Amino acid sequence: ISVPGMARPHPYLQADGTGWPDNSERFFRFSRAVAELARRELPDVVHLNDWHTGAARAALGSGAPPTVVSIHNLAYQGIADDSWLDRIGPDGMHYEWWGGTNPLSGALALADRIVAVSPNYAAEIQTPADGFGLDGPLRERSDVLVGIINGIDVDVWNPASDPLLPATYTAKSLDGKAICRTALHDRLGFDDDEVALATVVTRLTEQKGIDLLVPLIPLLDQIPMRLGILGSGDAVLAAALHELADAHPDSFAFVEGYD
């Protein structure tokens, strides 16, 4: 099904790293659709993730099924102007935030349970340093806030059987890992030798410390170590990493993208 306005190279960001100007329109409408689906299907639980679907709780109104909101990164809240308060649903008044509309703060106020991606993160976001303005509301709801550590499906993400790897390996037999390492060196344009290789896979944002890494990259020319970074996000950081990769091709490689 083709949905007008949804076919874009990145769901959230323009090429310059800023958000699409109609992000609020798209995600608030999507949230209304989620709420309508919940009314029709009557699920046992409605699970909302981050700000992108937070406004669905406003549209559900009274008599909503039990709702759970998962917080992956509290820094991103999708704040929009106050004109949305009257449009996102009958519980829209709970989304007012310093003269605007905050789809995450409203969802946190109304959800039956709140889940953070680890016990440590659940504690951190209740502090002024890491609460991004929502630490107070989260402390008020600490009785329904829990941290559940992120995990992986160990059957799917298993290097002993993963068909996407150049070779498989186990903790007891690492021969295949050397083949994978060689393939990664080739992908990054490095000569394959015994020099240590570090890799980073992340969003490009200061919150992840990439801005701290940038000035250190030239030092790789002086030590027996190579670095590869895969990521997308902040356009300024991406440009700096591209320049460093061009200037230090023997020690640093950057692949821009979400993969």
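Trainee: How do the residues that line the second largest pocket divide by class?

Mentor: The lining has 16 nonpolar, 3 polar and 5 charged residues. Here Ala, Val, Leu, Ile, Met, Phe, Trp, Tyr, Cys and Pro count as nonpolar, Asp, Glu, Lys and Arg as charged, and the others, Gly among them, as polar. The structure is a predicted model, in which local features need pLDDT of at least 70 and side-chain atom pairs count only at pLDDT 80 or more, while totals for chains, interfaces and linings use all residues. Residues are numbered from 1 along each chain as its sequence is written, and side-chain values use heavy atoms, with hydrogens and water left out.

Trainee: What makes a space a pocket and not a cavity?

Mentor: On a 1 Å grid over the protein atoms alone, a cavity is a set of points where a 1.4 Å probe fits but cannot get out, whereas a pocket is an open set with protein on both sides within 12 Å along at least five of seven lines. Lining residues have an atom within 4 Å of a point. The second largest pocket holds about 1000 Å³, a volume being the space filled by probe spheres set on the points, which are joined across faces, edges and corners. Its lining numbers 24 residues, with Leu 165, Leu 184, Thr 199, Val 201 and Leu 230 closest to the centre. Helix α6 gives the largest share, 7 residues.

Trainee: Which residues lie nearest the centre of the largest pocket?

Mentor: They are Tyr 12, His 52, Asn 73, Tyr 76 and Arg 203, out of 42 lining residues. This pocket has a volume of about 1400 Å³, and its lining comprises 15 nonpolar, 18 polar and 9 charged residues.

Trainee: Why is the pair of Tyr 12 and Phe 27 called tilted?

Mentor: Rings of Phe, Tyr and Trp (its six-membered ring) pair if their centres lie within 6.5 Å; planes under 30 degrees apart count as stacked, over 60 as edge-to-face and the rest as tilted. The ring centres of Tyr 12 and Phe 27 are 5.8 Å apart and their planes stand at 35°, so the pair is tilted. Tyr 12 lies in the segment before α1 and Phe 27 in helix α1, 15 residues apart. Together with Trp 51 they form one aromatic cluster.

Trainee: Why is Tyr 12 called partly exposed, and why is Phe 27 called buried?

Mentor: Buried means under 20% relative accessible area, exposed over 50%, and partly exposed in between (1.4 Å probe, protein chains only). Tyr 12, at 35%, is therefore partly exposed, while Phe 27, at 12%, is buried.

Trainee: How do you know that Met 93 is exposed and His 248 buried?

Mentor: Met 93 has 54% relative accessibility and so counts as exposed. His 248, at 13%, counts as buried. Leaving aside neighbours within four places in sequence, His 248 is in contact (heavy atoms within 4.5 Å) with Pro 218 and Asp 221.

Trainee: What makes a set of residues a nonpolar core?

Mentor: A nonpolar core is a set of buried Ala, Val, Leu, Ile, Met, Phe, Trp, Tyr and Cys residues joined through side-chain atoms within 4.5 Å. The largest has 36 residues, of which Ile 71, Leu 74, Leu 108, Ile 114 and Leu 138 touch the most other members. Apart from it lies another core of 14 residues, including Ile 217 and Leu 241. In soluble globular proteins, nonpolar side chains tend to be buried together.

Methods: Helix = DSSP H or I, 4+ residues; strand = E, 2+ residues; numbered from the N terminus.
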